[in-house]
Amino acid sequence: MRIKFQIKNFYFFYNGSPVLKDINLEINAGEILGVIGPAGSGKTTFLRSLNRMNELETDTRTEGTILMDGQNIYGKDVDVVSLRKKIGMVFAMPVPLPMSIYENVVYGPRLSGIKNKAELDHLVEKSLTEAFIWDEVKDRLKLSGLRLSGGQQQRLCLARTLAMRPEVILLDEPSSGLDPISTAKIEDALTLLKKEYTIILVTNNTKQAARVADRTAFFLMGEMVEEGTTSQIFTAPRKKETHDYITGRFG
Amino acid sequence: MRIDPRHTQKAAVAILAGATVLVLLILVFIIVFILEKGLPVVNLQFLTTNPQEMGRSGGIFPTIIGTIILPVVALLIATPLGVFTAVYLSEYTRENTLTRIIRFGTDCLAGIPSIIFGLFGYIFFVITLQMGWSIMAGSLTLAVMVLPTIIRTSEEAVRAVPKVYREVSFSLGASGWQTVRKVILPNALPGIVTGVMLSIGRSIGETAAVIFTAGSSLRIPTSAFDSVRTMAVHFYLLAREGISQENAYGTAATLIIAVLIVNLTAYWIMNRFIARRG
Amino acid sequence: MKLVGEKGVKRILMAVAFSAISALLLITLFIINEGLPFIFKYGIKDFLFASDWNPAQGKFGIFPMIAASLWVTFGAMIIGAPLGVAVALFLSEYAPRPLMKAVKPTIELLAAIPSVVYGFIGVVVLAPFIRSYFGGPGLSLLAGCIILGIMILPTVISISIDSIMAVPRSYREGSLALGATTWQTIHMVTIKASKSGIIASIILGLGRAVGETMAVIMVSGNSVNIPHAATDSVRTLTANIALEMSYATGMHREALFATGVVLFIGIIILNSFASVALRKRTAKR
C-alpha cells in the first residue's frame, strides 16, 4: 500500500485555542479512510486541514507537518491554489453553484485552462457517470443545478470535484441530509472510486463508516484516539472511548 | 369600562384601512394631476424641437439630451469605482474598525442633502477647477453624489452571496479574483444593478445639485464643457419664473414618465435575474 | 493568460477603493474647511443663535433657518410617521399578500418622483387651499410640513413593512393561539418586535426631510423669520443655501458653507440614531 498522507504531530489553533492536538496518522492511497467521532471532536477541522481550507478563516495557526507524497503541504513555497486542484472536497450541504449542471461541472476545469469544448464535454460525461448521476441528467445538462433534488445535487457536487481529476477526495458528512437511496448511491460511487483515488470520509453515522471505509479513525475532543482497519475498530476497539462511542454510549 | 376587543379590532381596521386609502389617493392624485395636465402637451414635436423664448413655446429637446447625458456619464464614473470598492472592502479586507468607519461614513454621505453636493460641485469643479457650468462639472458632482449609495448597495449585494459558494469555488482551486469574477459578481449582480438604476432615477430628478454645476443653457451641447439643462431644472425654472404653465406641465409629465420607466426597468431586471438563478 | 497576477489584482482593487474613499473624504474635508473657520471667526453663538441674517450688513445669524428646518422636519414627522406606519401595518397584517406585493413596489416607485414635482403640486394645489382655509400667504410652514410628510411616506412605509414582515410567525401565532384578536396581537406583540426597524424607517425619512431643498423652496415662502404660526412663511437651512449660493461671495459664501457644516453634523447625528436602532433590530434575532 502506498502512503499518500503522513500527518505528524499536527496541531491546529483557532483564536489561540487548540482545536486539533498532536495528530499522528498515515493515510494510504487507493483506500477509504472513515473519520468518526461526536460533534465538536475536530473531524471537520482535520479534513479541512488537508486542503488548507481552514486558512479562509481569520486567526488560525498550525504546528507540525502534513506530508502529501512526501512534501509538506504547509511548506513555505507551496502554492495553495494548485494544492486544492489536486484535492477535491464535497461539503455537508449540497451546494451546487447557481449555474447549469454543465457549468457546475466544468467550472473547475475551465479555471485550470481547459477550453476545448470536446474535452470539456467528455469530462462532463465521465464525471457525471462516475458520480452515478449521468443517466438522470444527460438530457438536461442546461438545467440549473439548483433544480435537482437534494441527493442529485450532492452527486452533482461529487461529479464537480471529480471533473478536476484530483488525487484525493475529501467528503464532509456528505449524506447527512439525504434519504437512504441517495446515500446508497453515493456510497456505491465511493466504493468504485477508491481504486483511483485516496478518499477521506468524515461521517457522524458510524454504520456508514462500517459499510464503506477500509480504515477508520476515531476522533474525540481534538485528539485522534484510535485508528485501524474498520473491522478491527468495530469488533475489537483497543480504547474504552472508542468502544463507548461505537456502542452508542455517547455522541 | 372595558371595550370588547372585537370592537377595538373593528375600529383599528377601519382606521388603518382608511390611512392606506388616503395615502394611495394622495400618491395617485399627484401622478394623475401632472399627467392629466401634462400629457396633452407632450407630443413628438414637443420632444424633438428646441425651446423658443426661453421655453415659453417650442419643445424641450435639449433638456432631454441633458437629462440623458448627465446621469449616464455620472454612472459610468461611479459604478466601476463603487462596485470595485465594495468588492475590495468585502472580499479582500478583514472586518475591523477602519472598515466600520468607512461604512458609517458612506452611510452618512448617502444621506447628505444634494444641495451640499451642489455647493461642493460649484465651488470645486465649476470655480476652482475652472470647468465652468458644464457637463463635466455636473456629471462629476452627480457621480460623487451617488457613489456612496452604489458602494453601499453593492457591498450589501456582495455580502449577501452565501459564504459556501466562496468555499466551493476555492476548494475547486480557484483564486480570489476568479471567485469574484465567476461566482460572486454574477450573484450580486441583481442587487448591484438595482442600486445603479435607483441612482439613475435619483439623478434624473435631481435639481439642486445640477443647476449649480451644469448650469441651465438651452443650447444643445457640443462638448463636455458646455453647459446643459435637464428636464428637472427646466421644469423648475418654468414653474418658478411663471414662464409657461403649459410647458411646465408637459415637462413634468415627461420627467415623471422617464423616472417611472427607469425604475420599472430596474424591477424588471431584478426579477429576470432572480428567475434565471433558479 | 495572466496579465496581472492575483497580487496585482488585489493592488488594483485597493487603489480603486482608495480613490473612491478619498473622493468622499475630499468632499467632507472641503466643506469643513470652507465652513468651519467661519464659525469660529464669526462666533458660534452669534451664528447659531442670532436671528439677524442680513448678509449685506455682514450679519449671519441662522437661528430662524434652524428653527424653520426643525419645525418643518417635526411637522413632516407628525404627518408622515403615523400615516406611514398605519399603512405599513395595514399592508402587512391585514391586506392579502398579493395586494401587498402589488402595492409596495408602487409606493416605492413614488419615492422616485422628483422633489420639484412635489413642490409644484404644493404650489398649485396645496398653497391656495391653505390660503383660503387657514389664512396667511399659503406658501408656508404648514405647506412645507404637509408636502414633506407626503414625501417621506414611501421611505417609512417601505422599511416598516420590511421590519414588520421580519417578525417571526411564531410570535403572532403564539398570541392568536391565546385568543387575542389580530389588532391586539399587532399592538401588543408585532409592533414591539418590529419597533426598532420602524423607528429606523422614521429616522431615515426625517433624514430625507431635513435634506430636502427644492420642494421646500417652492412651498415654504422663504422669509427669514422665526415662525409663530403654521401659516407663516419660513426658510430652511437648505433653502437658504440654494437661494443665495449663486451670488454669495466672501464671508457670505463662507457662511453658506458653514450652514452646510451644520446640516452635515445634523445628518451624522440622525444617522447614528438610525444605526443604533437598526443594530438593535438585527441583534434581537
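## Chain contacts

Contact here means heavy atoms within 4.5 Å. No contact joins chain A and chain C, and their closest C-alpha atoms lie 9 Å apart. The model is predicted. There are 2 pairs of chains in contact, and chains B and C share the most contacts.

## Chain B with chain C

The contact between these chains involves 71 residues of chain B and 66 residues of chain C. About 6300 Å² is buried between chain B and chain C, with 85% of that area coming from carbon and sulfur atoms. On the chain B side, Leu16(B), Tyr88(B) and Leu119(B) lose the most area to chain C; together they account for 10% of what that side buries. The count of salt bridges between chain B and chain C is 0, while 5 residue pairs, both residues at pLDDT 80 or more, are in polar contact.

Several helices of chain B give two or more residues to the side that touches chain C: α1 (5–38), α3 (61–91), α4 (97–110), α5 (114–128), α6 (135–160), α8, α10 (231–240) and α11 (245–276). The largest share comes from α1(B), with 20 residues. By class, this side of chain B has 55 nonpolar, 13 polar and 3 charged residues.

## Chain B with chain A

Here 20 residues of chain B meet 25 residues of chain A. The area buried between chain B and chain A is about 2000 Å², and 64% of it is on carbon and sulfur atoms. Between chain B and chain A the count is 2 salt bridges, alongside 3 residue pairs in polar contact, with both residues at pLDDT 80 or more. On chain B, α7 (163–171) and α8 (176–205) each supply at least two residues of the side that touches chain A. The largest share of that side is 8 residues, from α7(B). Sorted by class, the side of chain B that touches chain A has 7 nonpolar, 8 polar and 5 charged residues.

## A salt bridge across the A–B contact

Side chains of opposite charge can pair when their charged atoms come close. Arg48(A) and Glu167(B) form such a salt bridge through their side chains, at 3.0 Å from N to O. Over all chains, the whole structure holds 28 salt bridges. The pair of Arg48(A) and Glu167(B) crosses between chains, linking helix α1 of chain A to helix α7 of chain B.

## The mixed sheet of chain A

In chain A, 6 strands form an open sheet with mixed pairing, in the order β6-β7-β8-β3-β9-β10. The edge strands are β6 (87–90) and β10 (223–229) of chain A; each has a single partner strand, so one side of each is left without a neighbour in the sheet. From one strand to the next, the twist averages 15°.

Within this sheet, β7 (residues 168–172) and β8 (residues 198–202) of chain A run parallel and are joined by 5 bridges. Leu170(A) has Ile200(A) in β8(A) as its bridge partner. Helix α1 (residues 43–50) of chain A packs on the sheet, where it touches β3 (32–36), β6, β7, β8 and β9 (215–220) of chain A. The direction of α1(A) makes about 155° with that of β7(A).

## The antiparallel sheet of chain A

Another open sheet of chain A is formed by 4 strands in the order β2-β1-β4-β5, with antiparallel pairing. Its edges are β2 (17–28) and β5 (71–72) of chain A, each with a single partner strand, so one side of each is left without a neighbour in the sheet. Strands β1 (residues 3–14) and β4 (residues 60–68) of chain A pair in the antiparallel sense over 8 bridges. Phe13(A) stands opposite Arg61(A) in β4(A).

Helix α1(A) also lies across β1, β2 and β4 of chain A, running at about 60° to β2(A).

Technical notes. Residues numbered from 1 in each chain as written. Chains lettered and ligands numbered in written order. Predicted model: local features only at pLDDT ≥ 70, side-chain atom pairs only at ≥ 80, totals over all residues. Heavy atoms only, no water. Buried area = accessible area lost by both parts, 1.4 Å probe. Salt bridge = Lys/Arg side-chain N within 4 Å of Asp/Glu carboxyl O. Polar contact = N/O pair within 3.5 Å; in protein donor to acceptor, adjacent residues only side chain to side chain. Nonpolar A, V, L, I, M, F, W, Y, C, P; charged D, E, K, R; others polar. Pairing = 2+ DSSP bridges. Axes fitted to C-alpha atoms, helices over the stretch in contact; angles between N-to-C directions.
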